[in-house]
Amino acid sequence: MSESKGVLQGFKEFLMRGNVIELAVAVVVGAAFTNIVNAVVKGIINPIVGALGSQNLDHYQACLTATCAKDPKTGAFTDGIYILWGSVLSAALTFLITAAVVYFLMILPINKWKERQMARQALEAAPADPTEIELLTEIRDALLAQRTAAPSAPVSTSGTIGVQKTRE
């Protein structure tokens with residue numbers, strides 16, 4: 001019984017991982033997005049290609065043998081070896097459109113957002129500039145050190161004021 005409990009616990013941990021949940025969301029979004037891509041291909045790409053020939057890319061084909069026959073009523077191939085390069089072209093165009101939309105509408109904005117977040121974190125992690133009171137305190141200390149030092153000797157401080165020389 002402990003082995004089945006361990007298996008179920010392992011399965012539960014597997015399901016609750018971030019990767020599985022992200023993958024499930026990606027599949028659902030991808031399935032919904034397929035309709036949009038198919039509509040773009042059917043409504044925009046196919047008519048553009050149709051200006052050159054058939055609107056349905058599936059009709060573009062090539063015969064590898066010398067004798068190729070097609071039934072005129074059904075459109076089915078009866079003799080010969082056909083390469084349906086139009087179907088491959090349609091699938092490639094669908095893939096390219098999907099990849100472009102996913103990149104430009106999802107990946108690129110998310111990457112820009114991550115860059116902004118990292119830049120913001122870098123600014124927050126950077127040491128803060130000295131406050132006005134700290135600067136005034138350093139100036140005061142430098143002036144006091146200048147008064148008590150020898151007139152021609154340089155005075156150095158460890159703050160942001162630096163080394164100063166007095167003139168007579």
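## The largest pocket

A pocket here is an open set of grid points with protein on both sides within 12 Å along at least five of seven lines. This is a predicted model, and its largest pocket has a volume of about 360 Å³.

So who lines the largest pocket? You'll find Glu22, Ala26, Val29, Gly30 and Phe33, along with Thr98, Val102, Met106, Ile107 and Ile110. Sorted by type, that lining comes to seven nonpolar residues, two polar ones and one charged.

## A nonpolar patch on the surface

Now for the outside. Ile21, Val25, Val29, Tyr103, Phe104, Leu105, Met106 and Ile107 make up a nonpolar surface patch, and together they have about 740 Å² of accessible area. Helix H2 (18–50) and helix H3 (85–125) each supply at least two residues of this patch, with H3 giving the most, at five residues.

Take Ile21, which sits in helix H2. Its relative accessible area is 43%, so it counts as partly exposed, the class between 20% and 50%.

Val29, Met106 and Ile107 belong to the patch, and they also turn up in the lining of the largest pocket.

Methods. Residues are numbered from 1 along each chain as its sequence is written. This is a predicted model: local features need pLDDT of at least 70, side-chain atom pairs count only at pLDDT 80 or more; totals for chains, interfaces and linings use all residues. Side-chain values use heavy atoms; hydrogens and water are left out. Patches are made of residues with over 30% relative accessible area and no salt bridge: like charges are joined within 9 Å, nonpolar side chains (Val, Leu, Ile, Met, Phe, Trp, Tyr) within 5 Å. Accessible areas come from the Shrake-Rupley method with a 1.4 Å probe; for residues, only the protein chains shown count as cover. A salt bridge is a side-chain nitrogen of Lys or Arg within 4 Å of a carboxyl oxygen of Asp or Glu. Helices (H or I, at least four residues) and strands (E, at least two) are DSSP runs, numbered from the N terminus. Buried means under 20% relative accessible area, exposed over 50%, partly exposed in between (1.4 Å probe, protein chains only). On a 1 Å grid over the protein atoms alone, a cavity is a set of points where a 1.4 Å probe fits but cannot get out, and a pocket is an open set with protein on both sides within 12 Å along at least five of seven lines; lining residues have an atom within 4 Å of a point. Grid points are joined across faces, edges and corners, and a volume is the space filled by probe spheres set on the points. Ala, Val, Leu, Ile, Met, Phe, Trp, Tyr, Cys and Pro count as nonpolar, Asp, Glu, Lys and Arg as charged, and the others, Gly among them, as polar.
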